[in-house]
Every structure is written in structure tokens, then in C-alpha cells.
Amino acid sequence: LLPTILALTLVSIATHARAGNTKPAFPGKQSDWHGFKRFDFEVDGKPVLVVAPEQPAEGKPWVWHGEFFGHKPAPDIALLKRGFHVVYMRVPNMLGAPAAVAHWDAFYKELTDNYGFAKKVSLVGLSRGGLYCYNWAAANPDKVACIYGDAPVCDFKSWPGGKGKGKGKK
């Protein structure tokens, strides 16, 4: 009787494991982004998206955009092909303020604790996205692998404020 129970238990575990593999890796709406699976859902009351590689690289590395997800996608596509996840959290007009950093903290915790993402993330700060990336990195230096700044805004007084050398937001 014991070998039969053990065999049925192993079959049940294997069946559930296979069934679990058919579910999406993330909650929310699934769509296609340049041939990769994109998942849109909410974390901490804010819209987020995760684009998943076909096969995650060892350690589950990831890239996080501060703003303008999808602008000039070639680097993200190349990273996805190498096993990186690409993520974005929509916190518009918060310009890297402490409340935005707190939302980012919640998203970071969700991805690292519940999905096993690497503890260090690569940040992409394009234009005003730099405010999010640099402010979050300043608050969490031990969680940042690197920052790629592409014409990043680093001081909200210059943009959108228009103080100093920046022309500001019109």
C-alpha cells in the first residue's frame, strides 16, 4: 500500500508541476512585444509591465526603465535575447520624488521576493526617467548593478522647473 500511495503522490506532484508551467509567469494581461511575452498588471496601485525573455539568464538579470518604455527598443530586444527581463512602472509626473521611490521600492520587492529577479538591477534613465533612476539608486545603492543615462534629467529644478541652464517644461 505504501509504494502505491508514494507513486500516486509523485504522479500528483508531477502533474501539478506541469500544470503550473502552463500558467503565465506574471499576473494580468498578456500580450506580444516584439516577439516576447509582455505582462501588464498593478503593483502598489500603479500600472507595471514586465517583458519576459524566452529563457531567463542565470541569476534572472533585469533592466528597469525610468520612463519612455519602448522608445528605441533595439537594446531591450538584444537584452531579452540574452535572457534579461525588461520592466517599467508608470508613476507619471512624480519626477523621482520620495513617493515615486516608495512605489519603486514596492515593485522591486515584488520582483525580487516573488519572482526571483536578481537583487541588483540595471537602470535605464532616459530624459526625465533619469530622475526616477538616480533618486531610487541614491536611496538603494546596494540594489543597483549599473545605470545607463541617456540625456538624463538629474535635477528637477532645470527640468521641468526651468531654473539654471535648463529651459524647463512649457
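**Stop 1: the β1–β2 hairpin**

Select the hairpin of β1 and β2 in this predicted model. Two residues lie between its strands. Click on His-34: its phi is positive, near 55°. Now show both strands together. β1 and β2 run antiparallel, and five bridges join them.

**Stop 2**

Next, show the side chains of Arg-38 and Asp-40. They form a salt bridge, with the closest N and O atoms 2.8 Å apart. Asp-40 has a relative accessibility of 25%, so it counts as partly exposed. The others come up later in the tour.

**Stop 2: aromatic rings**

Turn on the side chains of Phe, Tyr and Trp. A search of the whole structure finds 15 aromatic pairs. Start with Phe-26 and Phe-39. Their ring centres are 5.3 Å apart and their planes stand at 55°, so this pair is tilted.

Move on to Phe-69 and Tyr-88. This aromatic pair is stacked, at 6.4 Å centre to centre and 25° between the planes. Phe-69 lies in the loop between β4 (62-65) and α2 (74-81), and Tyr-88 lies in strand β5 (residues 85-89). Parts that are 19 residues apart in sequence are therefore tied together by the pair. Check the surface around each ring. Phe-69 is buried, at 17% relative accessible area. Tyr-88 is buried too, with a relative accessibility of 9%.

Now select a cluster of rings. Ring pairs link Phe-26, Phe-39, Phe-41, Trp-62, Trp-64, Trp-104, Phe-107, Tyr-108, Tyr-115, Phe-117, Tyr-132 and Trp-136.

**Stop 3: two loops with a positive phi**

Select Lys-60, in the loop between β3 (46-52) and β4. Its phi is near 50°, a positive value in a residue other than glycine. Lys-60 counts as partly exposed, at 25% relative accessibility.

Then go to Lys-72, in the loop between β4 and α2. Lys-72 is not a glycine, yet it has a positive phi of about 50°. Is Lys-72 buried or exposed? Lys-72 is exposed, with a relative accessible area of 62%.

**Stop 4: Leu-79 in helix α2**

Select Leu-79, which lies in helix α2. Leu-79 counts as partly exposed, at 25% relative accessibility. What does Leu-79 touch, leaving aside its neighbours within four places in sequence? Leu-79 is in contact with Val-63 and Phe-84. Leu-79 and Trp-62 are 8.7 Å apart in space and 17 residues apart in sequence.

**Stop 5: a salt-bridge network**

Show Lys-109 and Asp-113. Their salt bridge has its closest N and O atoms 2.5 Å apart. Both residues lie in helix α3 (residues 98-115). They are four residues apart, which means about one helical turn separates them. Asp-113 is partly exposed, at 42% relative accessibility.

Lys-119 is partly exposed, with 49% relative accessible area. Which residues do salt bridges with shared partners join into one network? They are Lys-109, Asp-113 and Lys-119.

**Stop 6: helix α4**

Finish at helix α4 (residues 129-139). Buried here are Gly-129, Gly-130, Leu-131, Tyr-132, Cys-133, Trp-136 and Ala-137. What covers the buried residues of α4? The cover includes β4, α3, β6 (121-126) and β7 (144-150).

Terms used:
Residues are numbered from 1 along each chain as its sequence is written. This is a predicted model: local features need pLDDT of at least 70, side-chain atom pairs count only at pLDDT 80 or more; totals for chains, interfaces and linings use all residues. Side-chain values use heavy atoms; hydrogens and water are left out. Rings of Phe, Tyr and Trp (its six-membered ring) pair if their centres lie within 6.5 Å; planes under 30 degrees apart count as stacked, over 60 as edge-to-face and the rest as tilted. Buried means under 20% relative accessible area, exposed over 50%, partly exposed in between (1.4 Å probe, protein chains only). A salt bridge is a side-chain nitrogen of Lys or Arg within 4 Å of a carboxyl oxygen of Asp or Glu. Contact means heavy atoms within 4.5 Å. Two strands pair if DSSP finds at least two bridges between them.
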